[in-house]
Amino acid sequence: MTTTETDAGAARGRGASILVYLATLAVVAPLGAVVGFVSSLCAGWLTRYWEAGQPVPTIAVVALLVYAALLYAGCRLLAWGSGTPDAAMAFTVGFVLSVFVVIGYTPGGDIVLTGHMIHNGYQLGSMLALAAAVVVSSVRSARGRRPLGDDGRG
């Protein structure tokens with residue numbers, strides 16, 4: 001095999017990997033939007049029985065903390081599975097955009113997420129968990145890269 005054939009095969013492989021990469025981002029970003037929308041609707045229920053007294057507020061706070069931990073783990077898993085922090089970033093962008101849409105008024109005039117303490121905790125906690133997952137994924141992937149020109153050949 002000559003070097004031109006090898007170069008053509010490598011270019012074809014890179015083109016296929018770029019298509020897979022773009023397809024992954026095209027699937028992950030809407031997935032983040034769906035997760036953000038559905039979880040925002042579910043977070044609206046956290047205040048349903050808030051006035052009933054204990055243990056309802058405690059259960060809501062614990063559920064919120066568990067959700068933030070699962071969100072962090074899922075975002076890190078996306079970065080690990082794709083091998084790049086870009087998938088985690090695409091998921092985060094889709095999630096945050098859908099949460100911003102839900103913060104406002106719905107067409108019927110109802111508010112999905114109010115100014116309640118637990119709703120603010122949901123908004124800030126989920127965004128903080130996703131931001132932490134993206135930053136940790138970026139730092140870990142940067143550590144694993146070799147410097148340019150250090151391909152192991154003499």
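The following dialogue discusses how to read several features of a predicted model.

Colleague: How should I read the nonpolar core, and which residues touch the most other members?

Modeller: The general idea is that nonpolar side chains tend to be buried together in soluble globular proteins. Here the largest nonpolar core has 24 residues, and those touching the most other members are Cys75, Phe95, Leu113, Ile118, Tyr122 and Leu130. At least two residues of this core come from each of helix H1 (3-43), helix H2 (56-82), helix H3 (86-103) and helix H4 (117-144). The largest share, 7 residues, is supplied by H3.

Colleague: Let us take one of these residues. Is tyrosine 122 buried or exposed, and which residues does tyrosine 122 touch?

Modeller: Buried is a matter of a cut-off, namely under 20% relative accessible area. Tyrosine 122 has 2% relative accessibility and therefore counts as buried. Leaving aside residues up to four places away in sequence, tyrosine 122 touches Gly36, Ser39, Ser40, Ala43, Leu64, Tyr67, Phe95, Val99 and Leu113.

Colleague: How many aromatic pairs does the structure hold, and how is such a pair described?

Modeller: A pair of aromatic rings is described by two quantities, the distance of the centres and the angle of the planes. The structure holds 2 aromatic pairs. In one of them, tyrosine 67 and tyrosine 122 are tilted, with 6.0 Å centre to centre and 35° between the planes. This pair links distant parts of the chain, since tyrosine 67 belongs to helix H2 and tyrosine 122 to helix H4, 55 residues apart. A stacked pair is formed by phenylalanine 91 and phenylalanine 95, with 6.5 Å centre to centre and 25° between the planes.

Colleague: Where do phenylalanine 91 and phenylalanine 95 lie, and why do they count as buried?

Modeller: Both lie in helix H3, 4 residues apart, which is about one turn of the helix. Phenylalanine 91 counts as buried because its relative accessibility is 6%. For phenylalanine 95 the value is 0%, so this residue also counts as buried.

Colleague: Which residues make the nonpolar surface patch?

Modeller: Val34, Phe37, Val38 and Leu41 make a nonpolar surface patch of about 340 Å². Valine 34 is a residue of helix H1. With a relative accessible area of 49%, valine 34 is partly exposed.

Colleague: Finally, where does leucine 46 lie, and what does leucine 46 touch?

Modeller: Leucine 46 is found in the loop between H1 and H2. Its relative accessibility is 19%, so leucine 46 counts as buried. Residues up to four places away in sequence not being counted, leucine 46 touches Ala60 and Ile118. From leucine 46 to isoleucine 59 the C-alpha to C-alpha distance is 9.1 Å, with the two 13 residues apart in sequence.

How values were computed: Residues are numbered from 1 along each chain as its sequence is written. This is a predicted model: local features need pLDDT of at least 70, side-chain atom pairs count only at pLDDT 80 or more; totals for chains, interfaces and linings use all residues. Side-chain values use heavy atoms; hydrogens and water are left out. A nonpolar core is a set of buried Ala, Val, Leu, Ile, Met, Phe, Trp, Tyr and Cys residues joined through side-chain atoms within 4.5 Å. Buried means under 20% relative accessible area, exposed over 50%, partly exposed in between (1.4 Å probe, protein chains only). Contact means heavy atoms within 4.5 Å. Rings of Phe, Tyr and Trp (its six-membered ring) pair if their centres lie within 6.5 Å; planes under 30 degrees apart count as stacked, over 60 as edge-to-face and the rest as tilted. Patches are made of residues with over 30% relative accessible area and no salt bridge: like charges are joined within 9 Å, nonpolar side chains (Val, Leu, Ile, Met, Phe, Trp, Tyr) within 5 Å. Accessible areas come from the Shrake-Rupley method with a 1.4 Å probe; for residues, only the protein chains shown count as cover. A salt bridge is a side-chain nitrogen of Lys or Arg within 4 Å of a carboxyl oxygen of Asp or Glu.
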